[in-house]
Amino acid sequence: MLSIYAFTLPALMWAIVLWRAPSTLGGTRPSRFLWGFLAAVAVALTTRPPEVDRLIRVLTGSPDLSVLVKHLAGLAACHCIMEYVIAVHGRGPRRAGAAWLRLVCAVAAALALTVLFVFFFEHDPGAPASRVTDAHLGDPAVRLYEGVFYAYLGTATALSAKLFWSNRRSVPAGFLRAGVVCLAGGGATGFAYVLYRVVFLARQESRPDLAGRGTPDVIGEIIPVVSLLLVVAGVSLPPLRTLVRYVGDQYALWRLHPLWSDLLDAVPSVAFGPRMGRTRELFVAGDRTLDVAHRAFEIRDACLVLRDRPAEPAGGDPGEDGGAAPTARAEAEWLFSVLHEEPYACRAAAPPLTDSRTPAEEVAWLLKVAAAYRQLSRGGAAASPRHGGQAGQDGQTAPAHGRASG
């Protein structure tokens, strides 16, 4: 393995394994197989650094047992990923006998690798662990050993690439579909690696007297790294969608909080949620999408109650815009005029009701209203070009409402 990946890739894989462990314990059968795949890959990668190889030598007395552990972990990863894609994208009723047959085949392959490694390989205590295969690629036992492993790896990667790619349009667009495409790309890259290695092995001759680590194969080291990074991206993108949504919801609550806080004090008849500081809300864990919807409904209910408190327009009448569609700025000015009792607060008319918005559109609208309301609260009513005549004459501005700062 290239030295740059010797520790970074195992550390990355173990971080993902630990990250997904809590959700896997109480998760579905496919999620457990996916976690098993990640854990097996992490074990396989952990055997590669020289320091780990030396530790295995000291603990077991075997000069190259790390090679066998790596391939057995690879077989376990292949079995888990095949079970995962079959469980997620399988067609027709699942038969318990077929699952047991696949497990028996995996165990048989693992036993074959172990027997070949223990009884038919040439072990040199003074050579690096990789020499047990790399320097004897033409030996029949090594060819059979590699053939069993790559047959399993090729089947797993080809099946994964096919099923992930064929089902990419059945998942919602965005992070989830991008994750499925990355998983398909990882499977396809893994299958390309198998084809490359088969051709590479077919052209090798047995050279047991070769000094050093054996036949170098830089391309054979880079391709699986690319495949692994694509798989990691595919596994990480769907949870990233949840994180992005959480951050967006927290930001929406942050923006709505000043207006919501003022309404909470001004309209106690509305069943608001519990009062919470603006900063403290940032540390609330869990899905916040429902909280954003509740906050929007509370603001809208309070606005309906406030319509019983008509403001006195500074000039003109409510229909002076000729029936134009209401703007978020106009609604913010009306709310400011109702909630603020200062003598220079702007006097705006209540905008007409609009009942055609979806919940998502209502949240987006109220975010605009809250932003305009925040500007009025910061700059005072005199900042409004439509309602600042008297303030301008007296050289004064309306003080900002203290509660709006949250």
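In this predicted model, helix α2 meets helix α9 through Leu34, Phe37, Leu38, Val41 and Leu45 on the α2 side and through Leu228, Val231 and Val235 on the α9 side. The residues of this contact divide into eight nonpolar, no polar and no charged, and α2 passes α9 in a left-handed crossing.

The geometry of the two pairs is set out below.

| Helix pair | Residues | Angle | Axis distance |
|---|---|---|---|
| α2 and α9 | 29-46 and 218-266 | about 145° | 13 Å |
| α10 and α11 | 289-306 and 328-339 | about 65° | 11 Å |

Phe37, which belongs to the contact of α2 with α9, is also among the residues with the most contacts inside the largest nonpolar core, a set of 56 residues in which Met13, Phe121 and Tyr145 are named alongside Phe37. At least two residues of this core come from each of α1 (8-25), α2, α4 (65-89), α5 (96-120), α7 (140-166), α8 (175-202) and α9.

Around Phe121, leaving aside residues up to four places away in sequence, the contacts are with Leu116, Val132, Thr133, Ala141, Val142 and Tyr145; Tyr145 is itself one of the residues with the most contacts inside the core.

Methods: Residues are numbered from 1 along each chain as its sequence is written. This is a predicted model: local features need pLDDT of at least 70, side-chain atom pairs count only at pLDDT 80 or more; totals for chains, interfaces and linings use all residues. Side-chain values use heavy atoms; hydrogens and water are left out. Axes are lines fitted to C-alpha atoms, for helices over the stretch in contact, and angles run from 0 to 180 degrees between N-to-C directions. Helices (H or I, at least four residues) and strands (E, at least two) are DSSP runs, numbered from the N terminus. A crossing is left-handed if the near helix is turned anticlockwise from the far one by less than a right angle, and right-handed if clockwise. Contact means heavy atoms within 4.5 Å. Ala, Val, Leu, Ile, Met, Phe, Trp, Tyr, Cys and Pro count as nonpolar, Asp, Glu, Lys and Arg as charged, and the others, Gly among them, as polar. A nonpolar core is a set of buried Ala, Val, Leu, Ile, Met, Phe, Trp, Tyr and Cys residues joined through side-chain atoms within 4.5 Å. Buried means under 20% relative accessible area, exposed over 50%, partly exposed in between (1.4 Å probe, protein chains only).
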